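Please open the structure in a viewer and keep the selection tool at hand.

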Amino acid sequence: MNLMANLLPAAAEIFLLVMVCFILIFDLLLKQNKIYTYLFVQLTLLGCSLVTVGTHERGVFYAFNGMFVDDLLSDVLKMLSYLGMSMVLVYSRQYLLLRGLFTGEFLVLALFALLGMNVMISANHFLTLYLGLELLSLSLYAMVALQRDSAIATEAAMKYFVLGALASGLLLYGMSMIYGATGSLELGVISNAIHQGVQDKALLAFGLVFIVSGLAFKLGVVPFHMWVPDVYHGAPTAMTLLIGSVPKLAAFAFTVRILVEGLQGLSTDWTGMLVVLAIASMALGNLSAIAQTNIKRMFAYSTITHMGFMLLGLISGGIEGYGSAMFYTVVYMIMSLGGFGMIMMLSRAGFEADTLNDFKGLNQRSPWLAFMMMLLMLSMAGIPPTVGFYAKFAVLNAVVQAGYTWLAVISVLFSLIGAFYYLRIIKLMYFDTPESHVPIAVESDTGLLMTLNGLGVLLLGLMPGTLMSICAVSVRQSLLLH
Amino acid sequence: MIFGLPVISVAIWLPIIFGILVLATGDDKNASLARLLALAGSLLGFAVTLPLYTGFNSTTSAMQFVELHDWILRFNIHYYLGVDGISMLFILLNSFFTVIVVIAGWRVIEKRVSQYMAAFLVMSGIVNGVFAALDSILFYVFWEAMLIPMFIIIGVWGGPNRIYATMKFFLYTLLGSLLMLVALIYLYNLTGGSFSILDFQKVAIPMTAQILIFIAFFFAFAVKVPMFPVHTWLPDAHVEAPTGGSVVLAAIMLKVGAYGFLRFSMPITPDASHKLAGIMIALSLIAIVYIGLVALMQSDMKKLVAYSSISHMGFVTLGLFIFNAYGMEGALLQMLSHGFVAGALFLCIGVLYDRMHSRKIADYGGVVNKMPVFAAFFMLFAMANSGLPGTSAFVGEFMVLMGTIKVNFWYAFAAATTLIFGAAYTLWMYKRVIFGKVSNSHVEELTDINAREILILALLTVFVLGMGVYPLPVGEILHASVNDLLVHVAQSKLPL
């Protein structure tokens, strides 16, 4: 009985781990065609979502002596991460095949990364959090380096690894200080200890600073953003897609678990820090994105901006704030999947469509893809009737409600700057003449997914209510707000 | 109800659906199908707005044809539509101009026809939404969505400098819109959780907040009007836009800004409106006088009409911010009339441009010798633009001047100079282009307007003269709504 109560909340993770082990062996037996491994992986993702739904129960369940938590927030985020990962694999298949990277290792690493994310999402203890984070990060480092003969990819992997390790170190250092001050690593206990009052305030504050720096590193917000453009640019686009999309969900959960569930008592301190981070990210991200000619770098700076905007939701606090931040993250994932997916669809064997000029005249080469890209770009810029607008709207609403109207004004002014470089893509696609007339070969599965992705951005924009409510409800049911 | 469907929703969504159908006809191989479908869509789109006019009750200021459905419950946002006398007329105007624009682009646009027609149809639906929305977020969605088709229209089918112009247009208007969004969210929290414009109009707001909200709205609406000093996007956009784009910009887009002042700024922040009215009047007078002089100096016909539009819109904002019935009704009539007159002038310039591919006044001269019928139409619209009695422009300008003179003689004096400047720049342009001897071989080869062009210009003539001679029906529709608005504006909304 006790065993079951421990295992059931983690059923999806256990299932995933078992399946990864199977796939490892299964893949060894396959000589050439990795398509079966690929299908197996997709089925595993489907299985995971069935397990997650099947074991879901209303309420908050702790397992393994409070190391692990299963609540609505984690279940929703996990379902979305399965969906995101599945989309990543569909988008990347053809791209990786053409580059000889469509290997069992890639697929297995992707699943390990997913497992890491799920652990992060469900963690309720500093050790579990760290474990999940490292599992995710190590998988990603390896994936970036997977293209061994590419100097730029290797450089990106090195940079990512060194800076990632540094950030992990900062986090650990901060965690150890919090442990010193409160005597526990479990988030709930830490939270209580802080509320009851801690002797050594300075130690706690120091710990908080290190933790926030570590989190900022992982989220990629200014001034801890240096790795983002280089890694996004250097990694093969399929890996960039993976790094830039699904892990943001985990990063959101990670941040919320630590700052809200664990360190809610210090919210006045960390709110101030996040304000600085958010404003700096929106300013630097938007301004630097304008200067980019490489679209992957441009998206990297745009990610920095988006994460900065997401932080505004956390700053506002309350169900409105955290719910809107979650909604923003989910929407961002959907948009970035489409954006990077498009880069891969325009690439072909031996050619990377990663400069802005490759998008010139896309409307003449493929009106439908151009239209989808336009929807995605408008959504990133936050122009209705796309869903990106509601993401911004929800966050702004939380910010104004929390009394930071000035912050809302600053952030919309920076969005205006941001709108310029998204519009520039539309300009290139619609107003310029193409540089090459090589026909765009679109696989039926990626083509269908892109259509769903682009129209999804529009339809979610027309009917955003459901997703917004899901985010708000899961935050309300899961987070212990004091 | 039309066939059991709510009128306003049909007026919004029918053109959009036709737009999608037109887009589906694909590339230019099916251009004639796209044109026919677009014409059918625009005609039907106009037809479905007629019940708004026939079924309108002009004795009440309450919203009519109201549709209220849940949309985003979490934020209490509704699909809330309705019209009063003011918005109803603009919906008709917009749907009418969609027909004109489709016909005007019939032969002229040869590249990517389906996309061109689709963009105008979709925009027509969206603009109807702007005028009919009673939920501020619904309004905002339509308001911003309107930019997208216009961005594409100018960028794809525009003149040589189109990309600079369209970027400037988009970013300029977005700046204002984003600040307005913050203001709307602030009001949402102030009303305790409602985005309904009608609720916004009731809530008490402290003075400082009112002024800040007014400024945020000002940025959004003044850019669209456009008012001095945020008018600089307009000449660029107008000059570079294709004829249809210029017509819609002048006839519809500019009205949206003034409509925003009427629907948002004045009733929601009446105290701030009164307090800042001096600035608004000053900016309006600068637009009327200074921009009028600027128009005089233009060597490009489209630019000249663009500046003249800014100057005429100055009359509208002047009429609004003197807070009396003459001024406000005059301003509304001026808006409608300017739609017809400026739209017609841009069409006339389009007629010349299609033949000569030049907008420079200096390239013309003696056109009357080759295009007598066209010259007659152009004469009429040029006269209307300078405010000749008997044309629609006279009624609006005269009423605004009457209203202004009650407030302050010198305001009226400054505003009245437009009658001189307006006549000067319009007629001088007309003289240089139309009269005189045939100036060069290109003019020599000109052919007079064909039946299609005559049809468009004749339709507009009917409205320009009709409203000028007998403006009463329009005035009656406006009356109740204007009076209600004035009552609203007169009440202080400061918290007790």
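Begin by selecting A:Met373: leaving aside its neighbours within four places in sequence, A:Met373 is in contact with A:Met342, A:Leu362, A:Ile425 and A:Met429. Two residues are in contact if their C-beta atoms, placed from the backbone, lie within 7 Å.

This is a predicted model, in which local features need pLDDT of at least 70, side-chain atom pairs count only at pLDDT 80 or more, and totals for chains, interfaces and linings use all residues. Residues are numbered from 1 along each chain as its sequence is written, while chains are lettered from A and ligands numbered from 1 in the order in which they are written.

A residue is buried if 20 or more other C-beta atoms lie within 10 Å of its own, with C-beta atoms placed from the backbone.

Now select chain B, where 62% of the 496 residues count as buried. Its C-alpha trace spans about 75 × 55 × 40 Å along the principal axes.

Finally, turn to the interface, where 26 residues of chain B are in contact with 25 residues of chain A. On this side of chain B, strand E1 (64–72), helix H5 (136–145), helix H6 (147–157) and helix H7 (162–190) each supply at least two residues. H7(B) gives the most, with 13 residues. Helices (H or I, at least four residues) and strands (E, at least two) are DSSP runs, numbered from the N terminus.

Definitions and conventions: A residue is buried if 20 or more other C-beta atoms lie within 10 Å of its own, exposed if 12 or fewer, and partly exposed in between; C-beta atoms are placed from the backbone.
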